[in-house]
Amino acid sequence: MTGYEKRGYLNSDFRLFHLTDTKKQDFEYHYHDFDKIIIFIRGRVTYRIEGQAYELQPYDIVLVSHNDIHRPDIDPSVPYERIIVYLSPRFITSYRSDTYDLSDCFHKAKELRSNVLRIHSLEKSGLFKTITDLEYACAHDGYAKELYCQVVFLEFMIKLNRAALTGRVEYISPGTGDRRISAVMEFIAGHLTEDLTVDQIADAAYLSRYHLMHLFKQATGYTLGNYITEKRLLLARDLLRSGTPVTSVCFDCGFKNYSTFSRAYKKYFESTPSDAKKT
């Protein structure tokens, strides 16, 4: 089974990069083991996430959860500048209490099916000021630079969640993309642990089987069957890492028997389900 490419590796709970690309780069659809935040600074970029497409404006904030399949389409005629933050699930959960959760902005993104936040007025935004502080911290060396970047980033996350929860930033609607494919992905996500067939999905989407498969491959670069299998395997790995017994994970993720699950898991991750419980 050919899979989406896993890109990027996170060797610590938090990493931050300030990048500018001036040469042509082509990205395939891929996913990460970690959550990612992109603060778009300049360029011409359409960001595609799970069937949705967003034409970015300067200082848009892109939220990509772990296992989200995504790809940027980049116009190489202008520099593409952005701040990228990689976050392990442990990093976010370590800043959670009974009164706050720094991952609230990610939860709201899932609820609203929008991965991009837009600041209404840059001049009046305290969040924008924190972004410029983060830009400066990333671009200049100094005493305890990595720690300082992390401190400024935490301030950014607090202000981002405050702004998102009070409506001072807007979760924007995708500007392009086939909404039928987004609806199909939403249907799959809601029925991932059930016995899913192409005909069942086609009926729910009011499409013929052939039309559905053609549209899905055209929009995502991948077959419907492999997308479902890979989403199940990614869910399985998360459950295994959380301590769920292996046999329970197999059936909880929609596989009909353990041998099929184990073979698919080993082929995709190049490790056994039991290995995931050790990480």
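**Close-up views of a predicted model**

**View 1. The contacts of Asp101.** Beyond its neighbours within four places in sequence, Asp101 touches Ile92, Tyr95, Arg96, His107 and Asn161. The model shown here, as in every view below, is predicted. Asp101 belongs to the loop that links α1 (89-93) and α2 (104-112). Is Asp101 buried or exposed? Asp101 has a relative accessible area of 13%, which is under the 20% cut-off and therefore counts as buried. Two polar contacts of the Asp101 side chain are shown. One goes to the side chain of Arg96, at 3.3 Å. The other goes to the side chain of Ser103, at 2.6 Å. For scale, the C-alpha atoms of Asp101 and Glu230 are 29 Å apart in space, while 129 residues separate the pair in sequence.

**View 2. Helix α2 against helix α4.** Helix α4 covers residues 145-166. Its axis and that of α2 come within 9 Å of each other and cross at roughly 35 degrees. On the α2 side, the contact is made by Asp104, Cys105 and Lys108. On the α4 side, Met157, Leu160, Asn161, Ala164 and Leu165 take part. By class, this contact of α2 with α4 holds five nonpolar residues, one polar residue and two charged residues. Two of these names link back to View 1.

**View 3. The open sheet of six strands.** The strand order is β2-β9-β4-β7-β10-β11, and the pairing is antiparallel. Which strands form the edges? They are β2 (14-21) and β11 (169-171), each of which pairs on one side only. From one strand to the next, the twist averages 20 degrees. Helix α3 (residues 126-139) lies across β2, β4, β7, β9, β10 and β11. Relative to β2, α3 runs at about 85 degrees.

**View 4. Strand β4 and its two partners.** Strand β4 spans residues 35-42 and is mostly covered. How many of its eight residues are buried? Seven are. One partner is strand β9 (residues 80-87), joined to β4 by seven bridges in the antiparallel sense. Another is strand β7 (residues 61-64), with four bridges to β4, again in the antiparallel sense. Ile39 marks both pairings. Its bridge partner in β9 is Ile83. In β7, Ile39 stands opposite Ile61.

**View 5. From β7 to β10.** Two bridges connect β7 with strand β10 (residues 116-119), and the two strands run antiparallel. What is the bridge partner of Ile61 in β10? It is Leu117. Read across the strands, Ile83 bridges to Ile39, Ile39 faces Ile61, and Ile61 bridges to Leu117.

View 6. Tyr59 sits in the loop between β6 (52-55) and β7. Its phi is positive, about 75 degrees, although Tyr59 is not a glycine. With a relative accessibility of 15%, Tyr59 counts as buried. Asn67 lies in the loop between β7 and β8 (70-74). Phi of Asn67 is also positive, near 80 degrees, again in a residue other than glycine. Asn67 has a relative accessibility of 7% and therefore counts as buried.

**View 7. Helix α6 against helix α7.** Helix α6 (residues 198-205) and helix α7 (residues 209-220) pack with their axes 9 Å apart. The angle between them is about 90 degrees, which means that α6 is roughly perpendicular to α7. Which residues of α6 meet α7? They are Val198, Asp199, Ile201 and Ala202. Facing them in α7 are Arg209, Leu212 and Met213. The contact of α6 with α7 has five nonpolar and two charged residues, with no polar ones.

How values were computed. Residues numbered from 1 in each chain as written. Predicted model: local features only at pLDDT ≥ 70, side-chain atom pairs only at ≥ 80, totals over all residues. Heavy atoms only, no water. Axes fitted to C-alpha atoms, helices over the stretch in contact; angles between N-to-C directions. Parallel < 35°, antiparallel > 145°, perpendicular 65-115°, else oblique. Contact = heavy atoms within 4.5 Å. Nonpolar A, V, L, I, M, F, W, Y, C, P; charged D, E, K, R; others polar. Buried < 20%, exposed > 50% of the residue type's maximum accessible area, 1.4 Å probe, protein only. Polar contact = N/O pair within 3.5 Å; in protein donor to acceptor, adjacent residues only side chain to side chain. Pairing = 2+ DSSP bridges.
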